[in-house]
Amino acid sequence: MPTDTCARRAIALAALVLLAACAEPAPPPLLGTLEWDRIALPAEASERVLALHVREGQAVAAGGRLAELDPQRATLRLQRAEAELRLARARRDELAHGPRVEQIEAARAQVAAVRAALAEAERETVRLSELRAQGQVAQRDLDRAVAARDRSAAELRAMQAALDERLAGTRIEQLDQAEAALAAASAAVEDARVALARLSLHAPRAGRVDALPFKPGDQPPVGATLVSLLAGEAPYARVFVPAALRAGLREGERFKLRVQGVDAPLPARLRSVASEPSFTPYYALAGDDAARLVYRAELVLEGDAARGLPAGLTLRAERV
């Protein structure tokens, strides 16, 4: 009997070993880090930092003041744009009102003066022509009188045309040009106002200040990040899925996360998986290289336990 018992135990143990060998191995965990939605607020102009109204780690509400840049040059540009706007508006009004009565009267007086000069030049030409016929004056004197008469006639035509232009008033094309110049000047003023307003940084949404790379007195370059915010209700997990597991993942799938420094696992669900692989270029999609492709995925953490966790913690995600 003892021999039969030992034999049965050996058979059972062998069966367990065989089942364990045939069982499908559990998929490896997905590795990644804990992340928050980041909002980078850049410097709209290379101006000196006047003040910082927040500190790193501070919670801010939407619209809260974050930092101030020196507005002196932007204020001067706005004042210049406003002056150009007043100039364009005055020019438009001048054209809309047309010439003044005094200008028309002055043009008429100039026409009368040139007409009188022409009449005198014509009489002088007639007189010298008679004297030339009698041989009492040189031909040169007559030619000078004729040239003076023609010059007076040309001046009269020019003055009469200027008077007619003033009497006709402003052309519609001139008014259109003045309106366009006024619109351009108005747009320049609005642009200058926006540029001035953006030197005062405000939080676009509620969040927590993550980094303040510059201090008061610094002059950051254009486009440099002045304030970095972490926004959102809770962090999310950024994990990398091996190519062999990509086809089996579906959005909404449940996971449990084991975060570094957190004892209890955290629940999460799959929000998205990238459609393009990372790290391996497309020309290497052949042979063994395909097994080293990874796809970036995002897991949304659920529950209140994850709300206070910082970004950057390493984690492992396992299917539930």
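**Figure 1. Helix 2 and its cover.** Helix 5 is among the elements that cover the buried residues of helix 2, where helices are DSSP runs of H or I with at least four residues, numbered from the N terminus, and buried means under 20% relative accessible area, with exposed over 50% and partly exposed in between (1.4 Å probe, protein chains only). This is a predicted model, in which local features need pLDDT of at least 70 and side-chain atom pairs count only at pLDDT 80 or more, while totals for chains, interfaces and linings use all residues. Residues are numbered from 1 along each chain as its sequence is written, and side-chain values use heavy atoms, with hydrogens and water left out. The buried residues of helix 2 are Ala74, Leu78, Ala81, Leu85, Ala88, Arg92 and Leu95. With 26 residues, helix 2 reaches 38 Å from its first C-alpha to its last, close to the 38 Å expected at 1.5 Å a residue, the expected span being 1.5 Å times one less than the number of residues. Just after helix 2, Gly98 takes a positive phi of about 80°.

**Figure 2. Ala178 in helix 5.** Ala178, which lies in helix 5, is buried, with a relative accessible area of 8%. Leaving aside neighbours within four places in sequence, Ala178 is in contact (heavy atoms within 4.5 Å) with Arg92 and Leu95, and both of these residues are buried in helix 2. Ala178 and Arg91 stand 6.8 Å apart in space, C-alpha to C-alpha, although 87 residues separate them in sequence.

**Figure 3. The largest pocket.** A pocket is, on a 1 Å grid over the protein atoms alone, an open set of points where a 1.4 Å probe fits, with protein on both sides within 12 Å along at least five of seven lines, and its lining residues have an atom within 4 Å of a point. The largest pocket has a volume of about 370 Å³, a volume being the space filled by probe spheres set on the points, which are joined across faces, edges and corners. Of its 15 lining residues, Leu95, Gly98, Pro99, Arg166 and Thr170 lie nearest the centre. Helix 2 (72-97) and helix 4 (139-168) each supply at least two lining residues, and the largest share, 4 residues, comes from helix 2. By class, the lining holds 3 nonpolar, 6 polar and 6 charged residues, where Ala, Val, Leu, Ile, Met, Phe, Trp, Tyr, Cys and Pro count as nonpolar, Asp, Glu, Lys and Arg as charged, and the others, Gly among them, as polar.

**Figure 4. Pro216 in a loop.** Pro216 lies in the loop between strand 6 (207-211) and strand 7 (225-242), strands being DSSP runs of E with at least two residues. Pro216 is partly exposed, with a relative accessible area of 48%. Not counting residues up to four places away in sequence, Pro216 touches Val49, Leu50 and Leu52. The C-alpha atoms of Pro216 and Leu52 are 6.8 Å apart, while the two residues are 164 positions apart in sequence.
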